[in-house]
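Please read the sequence and the model below together. The explanation that follows refers to both.

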Amino acid sequence: MLRRVTIASGPFDPEAEIAAFRKALHDSGAIVTFTGQVRPSNGDGSVTTLSLQHYPGMTERGIEAMLDQVAERWPLEAVLVIHRVGDMRPHDPIVLVATASAHRRAAFEAADYLMDYLKSRALFWKSETSASGRAWIEPRDEDYANAARWDAYPGGG
Amino acid sequence: MAKLLFFGRLGDLAGGIERSVGLSEPHSVAALIGVLEAGDRLLGSALLEGRVRYALNGTIVDRDAMVADGDELAFLPPVSGG
């Protein structure tokens, strides 16, 4: 499985990355991509800045270990993970996940799984600055539940 | 010196992401937190919260793990990516 993991400290262009990802494929018939971007508002009002912190080295090793599991579980030709750190503005891309497989089911499931991991288990810490100040964001119960549903999934652990 | 790293909201409480401490002898993670707590009760109790994990030189450990000069100990609060 071809794989690329990038922790980006500056802006990236999801469309250009997806085009390059697709060009490198030989055998796939299905490509799934997910782009996450900064929401312009939260419950407390307008967000001016979203900041993401990571633990250089350990964060990357965690994602690579998770990709090892993905490679065992789904027959993918390639996977791409780009995750921003640093300061972002509303509408800036935060994360891009792309998966490619012979058929769509594996590509959909692997992308979904990857996002659940990135939301609730990868080593990133997110803070949001709005009119009411800066607040650290922790995963919602829903994020943990989304990640946990894979633990009971047939054929995987 | 051992390097301590405080991520997320723990960095706000610690007054910065990184701090160095001189350890004349190895300390368990729990004992090290005790030292920090003596200087800052709020930080100490935050480091003991159940959802905070500890990484010693890049590996998740429990509070019994021993920290010596030259080690890097990171305090990891609940994560939030994507």
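The model is predicted. Two packed helices are described by the angle between their axes and the distance between the axes. In chain A, helix α3 covers residues 104–120 and helix α4 covers residues 141–148. Their axes come within 9 Å and cross at roughly 135°. Because an angle over 145 would be needed for roughly antiparallel, and 65 to 115 for roughly perpendicular, α3(A) is oblique to α4(A). The crossing of these two helices, α3(A) and α4(A), is left-handed.

On the α3(A) side, the residues that meet α4(A) are A:D116, A:Y117, A:K119 and A:S120. Their counterparts in α4(A) are A:D143, A:Y144, A:N146 and A:A147. By class, this contact of α3(A) with α4(A) holds three nonpolar, two polar and three charged residues.

Helix α3 of chain A also takes part in the contact with chain B. There, 21 residues of chain A are in contact with 13 residues of chain B. Two or more residues on the chain A side come from each of β7 (93–101), α3, β8 (124–130) and β9 (133–137). The class count for that side of chain A is 13 nonpolar, four polar and four charged residues.

Is A:H91 buried or exposed? A:H91 has 9 other C-beta atoms within 10 Å, and a residue with 12 or fewer counts as exposed, so A:H91 is exposed. Leaving aside residues up to four places away in sequence, A:H91 touches A:Q37, A:V38 and A:P40. The C-alpha atoms of A:H91 and A:V47 are separated by 11 Å, with the two residues 44 apart along the chain.

Terms used:
Residues numbered from 1 in each chain as written. Chains lettered and ligands numbered in written order. Predicted model: local features only at pLDDT ≥ 70, side-chain atom pairs only at ≥ 80, totals over all residues. Axes fitted to C-alpha atoms, helices over the stretch in contact; angles between N-to-C directions. Helix = DSSP H or I, 4+ residues; strand = E, 2+ residues; numbered from the N terminus. Parallel < 35°, antiparallel > 145°, perpendicular 65-115°, else oblique. Left-handed = near helix turned anticlockwise from the far one by under 90°. Contact = placed C-beta atoms within 7 Å. Nonpolar A, V, L, I, M, F, W, Y, C, P; charged D, E, K, R; others polar. Buried ≥ 20, exposed ≤ 12 C-beta atoms within 10 Å, placed from the backbone.
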